[in-house]
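Me: I'm new to this one, so let's go through it together. Could you take a look and answer a few questions?

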Amino acid sequence: MFGIALYDLKKKRLIIARDHFGIKPLYYALTKANKFMFSSEIKPLIGSGLIDKKPNDKIIYRYLKYRIHDDTPETFFSGIFRVMPGEMLIVEGREITKKYYSQLEDVLKKSTSEGSLSNEQIEQFGDRLKEAIKLRLISEVPVGTCLSGGLDSSTIAATVNELLTENVSEAQSVGKSQNTFSAVFPGSKNDEEKYIDDLLKVNKTITSHKIYPKPEEFFDEIEDFVRTQEEPTISTGPYAQYKVMQTAHKHVTVLLDGQGADEMLGGYLPYYFVYLRQLRASGQRAKLLREVVASRDILYKYLKLKMSMRAHPAINPSALMNPKFRKTYKHEIFEVEQNNLKLRLIQDIFYNSLQSLLRYEDKNAMRFSLEGRVPFLDTNLVKFIFSLPDEAIIKNGWNKHVLRRAADKMLPASIAKRRNKIGFTTPEEEWFMRMKNRIYSIFLSEQFAGRAYFNQTEVVAAFRKYVEGKTTDSMLFWRMLNLEIWFRVFFDQDAEKVKKVAATSTMNVGETVSKPYTANGKTYDRLLVKTDVFAKDDDFGTKIASYITYKQLKENKKWFVVVSEKVVAIAQGRSYFIWDIKPGVLARVLSKHVTRTPFGIGLGSPWTM
């Protein structure tokens, strides 16, 4: 893995390149003076002041509409690009040449093998995987393992223990006991602690570190998480990894992870359907029937999910976008290979899902000064996998078939024969229900309403449906939420400055607020006043006046009091949360035709109309 820059002093030629899979990031941009600039992160590029910082609306649309990112050279920042996996850029003067040095993608596309998977090939796969893991243990600093409880990370952890038992020199970096790090969510439907514990029972030399991410922590750390990732994420899942890295850096410096196995060995549900379509198209009816019957439990769960979605239909992302923004980019499309399993896997390795996961991994690891290593992304191992028959990937209803066979003896049956796929993620739906008030407050904010991307009324109405259990697409609301926080972190500089001023304020009651208020050409000093909590029938004007001391009157002869009626109304029980109000059809229709102004009384919102 590498992101590398080479400069030829004699020829005055710069070459930058990224590894075959894109494990390490590499970004570049042209400055306003047309100079070439590159970095392993985006923040230094936008922080340099040498480029105009602008959002990339096309990428934002594709993210909101199709739930994708990192699939093209373009980033969420206009004018900042990523070097693609296996790509190199040659810069000579003002001339930039892009080309691929890596032929790996083409090699994998040409790799074919007929027939059945043999026991010899299974053994060879196991040996190559073990070698890939062994090589990634070479280190002068402590090495640990991310352990989710799934097949991929469990295989790595079990193999590391095997290498420790064999006393191979490469495993010395692990120490006497292997440190594993796991995010667990007790009581949640996607908790994997049971599988982690099953592995620990048969591997006594593992020192397990369990991390318990909480939704309250997530919303407290959300800005740092978004700043760490630099670009929006598809779900809150990477936060679980963020928390794991946060703990792991106290114990180790290098972490092994199982990224890549899903894209190489068909780990996601859609791959089943791609393979079934491939068998039908190639006329292999007997094999097709066998696979359908063998995977009937998975297909049944999928059909059951589809039926439940009819009762709780997914929300069309386009309906929640600003109409003008939606119309501008409506011709953007996203298509994936649907009829050839290996071609689909190659597509997902070099352009789609894996690219996102590798970005999450590297950003989270580097945030806490860790180096993440991914043994499954070993070029020799990947080439070998694609040289095997398709049944190495899916056979008799089992995906990752060759991995399951190779790791069968070292893993407990509960893991080797797992059918449910979870991975490093969070119980997002549960978290959103628990933190719905904070999410509402963001969706109802003036900042969110002022973005050119959202239809605030429709977003809030849709989120209400979610809270009421009428839809379950939490990832759609995360994309809206993530994008809003991303804008606040990277673009709302004035808001950040105000926040810093407020955070450092040490004013006392009775003192003049340091920043005066200016309006209509006049400047007013502001005095800090503190009152008791208001009761229901209090005359708040008289009550507030009683808190103004004679000294303050003497020093400020011309004064008046401005009261936030909203605060008083809440104290007196005359105010309601917007999400507790159910607007009628007429209010929802008419509010769309109201022009919003900073001085409006809420006619532009169906909840206050």
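Me: Is Ser318 buried or exposed?
Reply: Keep in mind that this is a predicted model. Ser318 sits in the loop between α12 (296-311) and α13 (323-328). Buried means under 20% relative accessible area. Ser318 has 10% relative accessibility, so it counts as buried.

Me: Which residues is Ser318 in contact with, leaving aside its neighbours within four places in sequence?
Reply: Contact here means heavy atoms within 4.5 Å. With those sequence neighbours set aside, the contacts of Ser318 are Lys65 and Arg326.

Me: How many Å apart in space are Ser318 and Asn455, C-alpha to C-alpha?
Reply: Along the sequence, 137 residues separate Ser318 and Asn455. In space, going from C-alpha to C-alpha, the distance between Ser318 and Asn455 is 9.6 Å.

Me: Okay, over to the sheet with β1 in it. What is the order of its strands?
Reply: It's an open sheet of 4 strands, and the pairing is antiparallel. β1 and β7 (95-100) are at the edges with a single partner strand each, so one side of each has no neighbour in the sheet. Neighbouring strands are turned by 15° against each other on average, direction ignored. Reading across, the order is β1-β2-β6-β7.

Me: How many bridges join β6 to β7, and what is the bridge partner of Leu89?
Reply: β6 covers residues 87-92 and runs antiparallel to β7, with 6 bridges joining them. Looking across to β7, the bridge partner of Leu89 is Lys98.

Me: Which residues make the nonpolar surface patch of about 240 Å²?
Reply: One member is Ile4, which lies in strand β1 (residues 3-8). At 36% relative accessibility, Ile4 counts as partly exposed. In a regular strand, side chains alternate between the two faces of the sheet. The patch is made by Phe2, Ile4 and Leu6.

Notes: Residues numbered from 1 in each chain as written. Predicted model: local features only at pLDDT ≥ 70, side-chain atom pairs only at ≥ 80, totals over all residues. Heavy atoms only, no water. Patch = residues over 30% accessible without salt bridge, like charges linked within 9 Å, V, L, I, M, F, W, Y side chains within 5 Å. Areas by Shrake-Rupley, 256 points an atom, 1.4 Å probe, with all protein chains shown as cover. Salt bridge = Lys/Arg side-chain N within 4 Å of Asp/Glu carboxyl O. Helix = DSSP H or I, 4+ residues; strand = E, 2+ residues; numbered from the N terminus. Buried < 20%, exposed > 50% of the residue type's maximum accessible area, 1.4 Å probe, protein only. Pairing = 2+ DSSP bridges. Axes fitted to C-alpha atoms, helices over the stretch in contact; angles between N-to-C directions.
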